[in-house]
Amino acid sequence: SHIKRALGLVYGDENLFYNHNLVRIDYRYDIKVTDASTRSLYLYLYNKTRKQYRRLKKYGLENYRTSIYHQSKTIEVILYSKNEECEAKGRTPEEWEQDVMRFEVRLRNSHLYNQTKKTGETKCLFNFFKKDKFEKYVQNYLLKIYPSGDFYDFNSALNLIRQSDYSLTIKNRLKEFLRNVANGTLDTPVNTTYSKSISKDTWRKRINLFNTIDVNPITIPMNQKVQHLPNLLKNILV
């Protein structure tokens with residue numbers, strides 16, 4: 001309704017809303033993290049995720065100081081800290097940007113075209129500005145790239161694995177996975193140069209086991225003196 005009113009004010013015709021050609025849409029999720037050092041720690045932890053998902057390749061903090069990208073020619077998945085992004089751009093954050101960490105799934109023109117070609121929908125905002133579409137892309141991209149469990153330091157995560165109802169064999173496998181990720185990234189367990197590497201299918205099963213007990217296999221470094229951080233994506237689909 002706001003967009004229609006804006007079209008009416010600028011162009012004098014609200015019905016343009018039904019005749020436009022959508023060329024991009026961003027599905028956004030904002031969550032406030034008031035402490036700057038905590039925002040920095042979150043970025044460090046999320047930066048240890050996988051280097052590639054489907055055709056989306058990762059460009060992390062080493063490429064963008066305040067942002068983590070997974071991108072292809074048609075879709076981008078992005079995490080960034082608005083305070084630090086605004087500072088890097090030389091401007092003051094707006095009220096709604098203050099202390100915000102933002103997750104986005106950006107759909108580019110070619111993706112929108114391919115989707116509407118499959119479904120027969122028109123390439124318009126009102127076909128994509130829907131809760132079910134938001135949830136679909138969050139589920140298929142954000143939650144596939146970033147594990148959903150909370151972050152713990154290594155010892156706390158080990159204790160939660162020990163306390164789980166999993167068999168001793170599964171617990172030992174999860175402990176090994178946890179050690180490998182702690183010494184590297186989420187890609188380390190499937191690194192072909194590692195003598196005990198696992199297949200991609202096994203990797204996905206391990207991630208699901210961690211998600212079930214709400215433990216993130218990415219652990220908080222011991223020098224941080226922080227034992228637990230809630231996952232910022234925990235309530236994204238609530």
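Modeller: What follows is a set of questions about labels, each answered from a predicted model.

Biologist: What makes the pair Tyr 42 and Tyr 46 stacked or edge-to-face?

Modeller: The structure holds 14 aromatic pairs. In this one the ring centres of Tyr 42 and Tyr 46 are 6.1 Å apart, within the 6.5 Å limit for a pair. Their planes stand at 20°, under the 30 degrees required, so the pair is stacked. Both residues lie in helix H2 (residues 36-46), four residues apart, which is about one turn of the helix.

Biologist: How do you know whether Tyr 42 and Tyr 46 are buried or exposed?

Modeller: Buried means under 20% relative accessible area. Tyr 42 has 3% relative accessibility and therefore counts as buried. Tyr 46, at 1%, counts as buried too.

Biologist: Why is the pair of Tyr 46 and Phe 103 called edge-to-face?

Modeller: The centres of these two rings, Tyr 46 and Phe 103, are 5.7 Å apart and their planes make 85°, over the 60 degrees needed, so the pair is edge-to-face. This pair links distant parts of the chain, with Tyr 46 in helix H2 and Phe 103 in strand S6 (residues 100-107), 57 residues apart. Phe 103 is buried, because its relative accessible area is 0%.

Biologist: What makes Arg 54 a charge over the face of Tyr 141?

Modeller: Arg 54 is at 5.2 Å from the ring centre of Tyr 141, and the cut-off is 6 Å. Lys 133 likewise lies over the face of Phe 128, at 4.6 Å from the ring centre. Tyr 141 also belongs to an aromatic cluster with Tyr 27, Tyr 53, Phe 134 and Tyr 137.

Biologist: Which residues touch the most other members of the largest nonpolar core?

Modeller: That core has 55 residues, and Tyr 46, Phe 103, Val 105, Leu 107, Leu 142 and Tyr 146 touch the most other members. Helix H6 (residues 131-145) gives the largest share, seven residues. Beyond its neighbours within four places in sequence, Val 105 contacts residues including Ile 25, Tyr 137, Tyr 141 and Leu 142.

Biologist: Why are S1 and S2 said to stand at the edges of the sheet?

Modeller: The open sheet has six strands in the order S1-S6-S5-S4-S3-S2, with antiparallel pairing. Strand S1 (25-32) and strand S2 (52-53) each have a single partner strand, so one side of each is left without a neighbour in the sheet. H6 packs on the sheet, its direction making about 110° with that of S6.

Biologist: How do you know that S4 and S5 are paired?

Modeller: At least two bridges are needed, and five join strand S4 (residues 67-71) to strand S5 (residues 75-81). His 70, for one, has Val 77 in S5 as its bridge partner.

Notes
Residues numbered from 1 in each chain as written. Predicted model: local features only at pLDDT ≥ 70, side-chain atom pairs only at ≥ 80, totals over all residues. Heavy atoms only, no water. Phe/Tyr/Trp six-rings, centres within 6.5 Å; stacked < 30°, edge-to-face > 60°. Helix = DSSP H or I, 4+ residues; strand = E, 2+ residues; numbered from the N terminus. Buried < 20%, exposed > 50% of the residue type's maximum accessible area, 1.4 Å probe, protein only. Lys NZ or Arg CZ within 6 Å of the ring centre and 35° of its normal. Core = buried A, V, L, I, M, F, W, Y, C linked by side-chain atoms within 4.5 Å. Contact = heavy atoms within 4.5 Å. Axes fitted to C-alpha atoms, helices over the stretch in contact; angles between N-to-C directions.
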